[in-house]
Amino acid sequence: MSEQIQLEDLTILVQRKAVKHVYLRVYPPDGRVTLVAPAGTRLEAVRAFVIAKRGWIRKQQAKLEARSRETPRLFVEHENHAVWGRHYLLQVVEKQAGPCVMLDQQTITLQVRPGSDLLKRAAVMHAWHKSLLHAVIPGLIEKWQERLEVRVSAYFLQQMKTRWGSCNTRRRHIRLNTDLVKKPQNLLEYVVVHELVHLLEPSHNKRFVALMDQHYPVWREATAELNQLPLAAVRPRG
Ligand SMILES: [Zn+2]
């Protein structure tokens with residue numbers, strides 16, 4: 001059994017379980033809030049708990065936002081760059097030829113024209129990231145469109161600061177964060193599934209959770225891994 005609490009712009013999904021304490025969690029990618037309460041707790045008591053924890057929830061959501069802003073890269077020699085969850089050292093080659101990026105076992109070689117500045121280097125790298133994503137995403141969408149029996153009209157790649165993906169259910173568009181190229185590919189797949197499930201259920205309600213449990217049972221692990229640390233608080237029943 002599950003209910004929802006609405007607190008200004010916060011929607012908290014409440015689940016009743018055979019637990020002794022109230023568990024409040026803020027989940028990436030979008031700071032969704034879930035509360036697990038002992039079966040017998042009255043909804044007013046749960047609501048009071050959430051009101052008391054409002055500051056904590058906001059803080060966790062702000063942390064999620066901050067975490068998604070990593071230290072900016074300078075695109076210089078020996079800098080660490082991740083691709084599909086693996087770390088590589090950057091090598092920069094200046095050459096009077098078309099810019100390109102090459103990948104081998106340990107190194108990403110960024111070839112740029114002599115005198116290319118940070119912005120130019122970043123743009124070459126970004127274009128390469130997008131090409132890596134475009135090589136994988138259509139296959140993932142195809143696979144999950146079939147499994148979920150939904151139709152996506154288009155997908156877009158975008159650098160986003162606070163979210164891994166989004167879904168416009170009216171236009172049936174999904175938007176994916178280009179930083180997903182830095183994460184293991186199964187996490188990209190998780191975000192694709194999450195956004196496609198929104199075509200069946202736009203909000204993060206119990207139906208959405210049930211659909212994720214049904215189609216992608218490891219989604220909790222995936223959300224935690226996507227943001228490295230689960231943001232969780234365990235508080236005694238108050
Ligand atoms: Zn969502």
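Good morning. Of the 238 residues in this protein, 25% count as buried, where buried means that 20 or more other C-beta atoms, placed from the backbone, lie within 10 Å of the residue's own. The model is predicted, so local features need pLDDT of at least 70 and side-chain atom pairs count only at pLDDT 80 or more, while totals for chains, interfaces and linings use all residues. Residues are numbered from 1 along each chain as its sequence is written.

I turn to the overall layout. The protein contains 6 helices and 12 strands, which are DSSP runs (helices H or I, at least four residues; strands E, at least two) numbered from the N terminus. Its C-alpha trace spans about 70 × 35 × 30 Å along the principal axes. Domain 1 covers 2-67 + 230-235 and domain 2 covers 118-200, with bounds taken from an automatic or database domain assignment. Their C-alpha centres are 28 Å apart.

Next, the interior. A nonpolar core is a set of buried Ala, Val, Leu, Ile, Met, Phe, Trp, Tyr and Cys residues joined through C-beta atoms within 7 Å. The largest such core has 24 residues, and Leu-180, Leu-187, Val-191, Val-192, Val-193 and Leu-196 touch the most other members. At least two residues of this core come from each of helix 3 (118-148), strand 11 (173-177), helix 4 (185-197), helix 5 (206-215) and helix 6 (219-226). Helix 4 gives the largest share, 8 residues.

Which residues does Val-192 contact, leaving aside neighbours within four places in sequence? They are Ile-137, Leu-140, Ile-141 and Trp-144, a contact being C-beta atoms, placed from the backbone, within 7 Å.

Technical notes: A residue is buried if 20 or more other C-beta atoms lie within 10 Å of its own, exposed if 12 or fewer, and partly exposed in between; C-beta atoms are placed from the backbone. Two residues are in contact if their C-beta atoms, placed from the backbone, lie within 7 Å.
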